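Please work through each task before reading its solution.

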Amino acid sequence: MKNKKVMKRVLVIAIVAAIAGGGIGTGVYVQRSKMTAEVMSVADINSSYWGDEISSSGMVTNDYSQTVEITKDDEIKEVYVEEGQKVQKGDPLLALDTTVASLNFQGKQLEVENLNNQILIAQNELKKLKNTKPYVEPSTPVTPQPATPVTPQVQEMTGSAYNYISETAVPYNQDTADGSEEEPYRYLCTENAYVTGSFLSQTAEEGMHVVLEIRENNEVSGELITAWEIDGTQMAVPDADTRWSVSDHTQLMDDASDADMDVPAVDDGTIADGGGYTQSELNDMIAEQEKKLKDLDLDKRKAELEVEKFKAKSTDGVIYATVTGVVKNLQDKDDLPNDGTPFMEVTGSEGLYVTGGVSELLLDQVKPGQTINVSSWESGVSCEAEITEIKNYPSTEVSSYSEGNQNVSYYPFIAYIEDTTGLRNGEYVDLNMTLSDEEDGNAIYISKGYVRTENGRSYVLKADENDRLVKQYVKTGKIIYGDTVEIKSGLTEDDRIAFPYGKTAKEGIRVVDSDGSYY
């Protein structure tokens, strides 16, 4: 009888504890369900950035001359001027054989393409070097053991949700759906689930409609976080051995997907401890590769500058005067000197000219015909000048302070000032121009704090149509002001994003619009 009382008492205590435990658990769930994340409109946090700046200075002069040089590959078709003749800016000086000029243009284009390929190869080599593990001399002799290949193993399901979707996956609505647009097959997926290319191929071949869903608590009854609707009749058929993220629909690489799925990583080709390069050797190799990349980039920018000049020659083959002046030192087109002497010069007699400098890093953004702002040191008079020529070789004699990097070379450019009111020959002026990249005209610039990196890919946390946080991968570009990063794609000003750190920085958290005070 006593034992029964003891057992009854223990049972009562257990029931009370269970109820208490359930109450605590429910409290935690309710608390989390009430958690919210503040989001800001991208339009409100988008930083103003109008482009790179060229800031230079130079002395105004009225004795600038245009030098017309003919390469050994050029063939002169006709000369339109004579020695001592006065010409106006824009007058034709001579015509080249467009056949030869066109071939030169195409050859220079191929050179640029080849340099782009070399740059891509060098970037990949640099990435490999930075990912290489340095060799560390073991303290005790180690007997090498044959490596056992590791094959990633992924559990098919977590509860009711799939970790990956393959041909063997079964839709949770298989009894009521038929794979049509009205009744698509629906699959429940975990947050980091992927779908195989073979499944997508089967979907395309059979013209099915499927929906891959991610829901709270990995339950069909859970609130929908995100869904990928796939129309098999419209999709391009991927390779069967590829894998695609359900959350953001992007293809997964081996290293990225393995990390996402918490499976053993496969061999990434890096040199592990036990052989290879020391840290010092790797540092030297990385420095050498970075210098190689810098040189290749400079060669490409110079080649692109020459492409523009060859393009002008190949259009109609005519070289025009860039200054108003007099033709001097005209050579015989049938007996050209081979000592580098220019074919002709046009010495300026009207207007004023100024020489400035442009960084090698901005060479591809500066073209003849662009205007630059001119401001006098003495009188403060402001006007505009037109860039007429950019030299092919750098010079230490030009003044430019657009870059703080002392290792950057500067290329001289000549600008023509047509309206010289208030300016005199020999005075110094400042030259300023803002370069905007048309290709990035709609780019967004936000604080780096809003962007996180995962497996080498950048993402933000943004609000979806259900006011829940979802992970959005973005393509980033240049960094300005040291703390602001360019978003080239993946985000619009209409989106709302959250600060991706803290306990509420999780996918599926409900969002509220911020009043801006916290940020």
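**Exercise 1.** How many salt bridges does the count come to?

*Solution.* The model is predicted, so local features need pLDDT of at least 70 and side-chain atom pairs count only at pLDDT 80 or more, while totals for chains, interfaces and linings use all residues. Residues are numbered from 1 along each chain as its sequence is written, and side-chain values use heavy atoms, with hydrogens and water left out. A salt bridge is a side-chain nitrogen of Lys or Arg within 4 Å of a carboxyl oxygen of Asp or Glu. By this rule, the count is 16 salt bridges.

**Exercise 2.** Locate the partners of the salt bridge between Arg510 and Glu223.

*Solution.* Step 1: the closest N and O atoms of Arg510 and Glu223 are 3.5 Å apart. Step 2: Arg510 lies in strand 28 (residues 510–513) and Glu223 in the loop between strand 10 (209–215) and strand 11 (224–231), so the pair ties together parts that are 287 residues apart in sequence. Strands (E, at least two residues) and helices (H or I, at least four) are DSSP runs, numbered from the N terminus. Step 3: Glu216, Glu223, Arg468 and Arg510 are linked in a salt-bridge network.
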